[in-house]
Protein chains: 2
Amino acid sequence: MKNHIVVGVDIGGTNTAVGFVDDAGNVGAQSSFPTNAHEPPEVFVSRLHEKIEAMRESGRRLDSLSGFTLRGIGIGAPNGNYLRGTVEHAPNLSWKGIVPLAEMVKGRFDVPVALTNDANAAALGEMKFGAAKGMRDFIVITLGTGLGSGIVVNGELVYGFTGFAGEIGHTIVDPSGRECGCGRRGCLETYASATGICRTVFELFAKTMLSSLLRAVSSRDLTATMIADAAKQGDKVALAAFEQTGKILGLKLADAVAHTSPQAIFLFGGLANAGDLIFEPTRRHMEAQLLNIFRNKVQLLPSGIKENAAVLGASALVWKEVCD
Amino acid sequence: MKNHIVVGVDIGGTNTAVGFVDDAGNVGAQSSFPTNAHEPPEVFVSRLHEKIEAMRESGRRLDSLSGFTLRGIGIGAPNGNYLRGTVEHAPNLSWKGIVPLAEMVKGRFDVPVALTNDANAAALGEMKFGAAKGMRDFIVITLGTGLGSGIVVNGELVYGFTGFAGEIGHTIVDPSGRECGCGRRGCLETYASATGICRTVFELFAKTMLSSLLRAVSSRDLTATMIADAAKQGDKVALAAFEQTGKILGLKLADAVAHTSPQAIFLFGGLANAGDLIFEPTRRHMEAQLLNIFRNKVQLLPSGIKENAAVLGASALVWKEVCD
């Protein structure tokens, strides 16, 4: 793999990150550009092509990328389907229907192009470069605006019959519960995510008379980071919100363990940065809800990847699925 | 595989079934004997050994087994752990602790011995001999006294880190719900199983004033078959019990689809024999609860194995995991 390199691309609703990644997870060059998701996907692919070529050119000039062979391009995208290489009905991109993005990118570069969703990319990154190295059965949970998940079984990412496996954020906590962006009610991500914990704070305002610093903040302005900061100062509503989030997340992670019995579950992304505030109640409630044969056998861990996680994950898709 | 044969053994709480099975799923000889699970496992293994040897001897005499090579012994047992070859804390056998059953049986026969739980064996049987032939992603649900499950991903049975993966019967419907034999509350199998639907009938007696033939039957005497018979006669409580069972099962199967995205889910065992009474509401509620990307993409099917399912499944463990 010496002198071989992979381009990792992470497509977000706002920005797209691009990085050149070697087999050891070193990011040789990186950049980003606005996704401008309101434009048609053809325009996006042209801009992605220009960006990658400009980075290669400047890398060659700086000698940092000279002599490298490009092995492939890995893409993490919302609703990315690995089996079909498509982005399908992505809620936060305004691309309509089913976009054959892998094929469109491959039309510009003579290398393999692979695509999956961002949570699956995070799981592959954790396995290739992070704390899941050597593990054959684990789950990565991304706690951002929503809740994404990537499930690994027998050392392989689970794509399933449709290519869309690993949607733990849309398992149901309560069929008559909170409205979800997917059109249904009570999905886990409406409780356990950066936006979910904000909703829980307002539920606690409705249900309790606890005083809280957060009562001064509007629904539009409240963020998970504010809740974590308030909790660190002992704010009772903030602490109760983390407790309730951990209770619901722990319950549904116990269900996930009953499905695939992982060695570890990694929490990743914005809300996971709250550290023990989220890990402690989640671990406690998960253990309490586990079937006896699974108790004390699942580790709940932070990600082992500290920087460039999305780009590393997208590159891992090529390193793992194409080059291995 | 011509002239090769595998012994399939299904250990139940009451009886143990033994059959000689070829690579095409033909059962050449079969028999059963009382498990007598109150006796130590050493005694059971001796009796199993005698039974298999007697069957071989009589098969040789009858010429039905002459010239066959024994390739291995596959065992389906409650709480059977494939990775360790053990039966661990089986609730309906009085064998204490962890019994190294595969090793003990191997001590009597000079062939490979493999062991798993009965639901995993059913999934392997469905893949090797039944309606899941050629499928790479599917789930088998056994609806008996409890609810067992075997999950197949990428053509491989999921054992997980512990060897105990696939316990969908112990995912939680309601943490403050019905008491479960596992010591927790609200497990799926307390609602969706032969015993679960009986509990639902008594819940309906408590909640509703509907008239019902089943009001004449005691809690001790009521069976799922009686409920199915009453439903076929239009009994309102029986019909409502199937509807409620299908609603809860459908909801949790939608969760299972969000994990591994199977091509099909097979319902198997006593309650599945009620046919459309259970399939129709389960399918309808599952579809209603599926995330949009999974809708109309999962088949809910009856097992393709009509006879000797347990013995065929146990033999499939050897055909699939040892001989393949």
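Residues are numbered from 1 along each chain as its sequence is written, while chains are lettered from A and ligands numbered from 1 in the order in which they are written. Because the model is predicted, local features need pLDDT of at least 70 and side-chain atom pairs count only at pLDDT 80 or more, whereas totals for chains, interfaces and linings use all residues; side-chain values use heavy atoms, with hydrogens and water left out.

**The sheet of chain A**

In chain A, five strands form an open sheet of mixed pairing, in the order 3-2-1-4-8; strands (E, at least two residues) and helices (H or I, at least four residues) are DSSP runs numbered from the N terminus, and two strands pair if DSSP finds at least two bridges between them. Strand 3 (27–34) and strand 8 (113–116) of chain A stand at the edges, and because each has a single partner strand, one side of each is left without a neighbour in the sheet. From one strand to the next, the twist averages 15°.

Strand 4 (residues 69–76) of chain A pairs in the parallel sense with strand 8 of chain A over four bridges, and seven bridges join strand 4 of chain A to strand 1 of chain A, again with the two running parallel. Along these pairings, A:V9 stands opposite A:I75 in strand 4 of chain A, A:I73 stands opposite A:V113 in strand 8 of chain A, and A:G76 has A:T116 in strand 8 of chain A as its bridge partner. Strand 4 of chain A is mostly covered, with six of its eight residues buried, where buried means under 20% relative accessible area, exposed over 50% and partly exposed in between, for a 1.4 Å probe and protein chains only.

Helix 8 (residues 309–323) of chain A lies across strand 1 (4–11), strand 2 (15–21), strand 3, strand 4 and strand 8 of chain A, and runs at about 130° to strand 1 of chain A; axes are lines fitted to C-alpha atoms, for helices over the stretch in contact, and angles run from 0 to 180 degrees between N-to-C directions.

**Aromatic pairs**

Rings of Phe, Tyr and Trp (its six-membered ring) pair if their centres lie within 6.5 Å, with planes under 30 degrees apart counted as stacked, over 60 as edge-to-face and the rest as tilted; by this rule there are ten aromatic pairs over all chains. Two of these are tabulated.

| Ring pair | Centre distance | Plane angle | Class |
|---|---|---|---|
| B:F138 and B:F266 | 5.8 Å | 85° | edge-to-face |
| B:F202 and B:F205 | 5.5 Å | 90° | edge-to-face |

B:F138 lies in strand 9 (residues 138–143) of chain B and B:F266 in strand 12 (residues 264–268) of chain B, so their pair ties together parts that are 128 residues apart in sequence; both residues are buried. B:F202 and B:F205, by contrast, both lie in helix 4 (residues 194–207) of chain B, three residues apart.

Conventions. Contact means heavy atoms within 4.5 Å.
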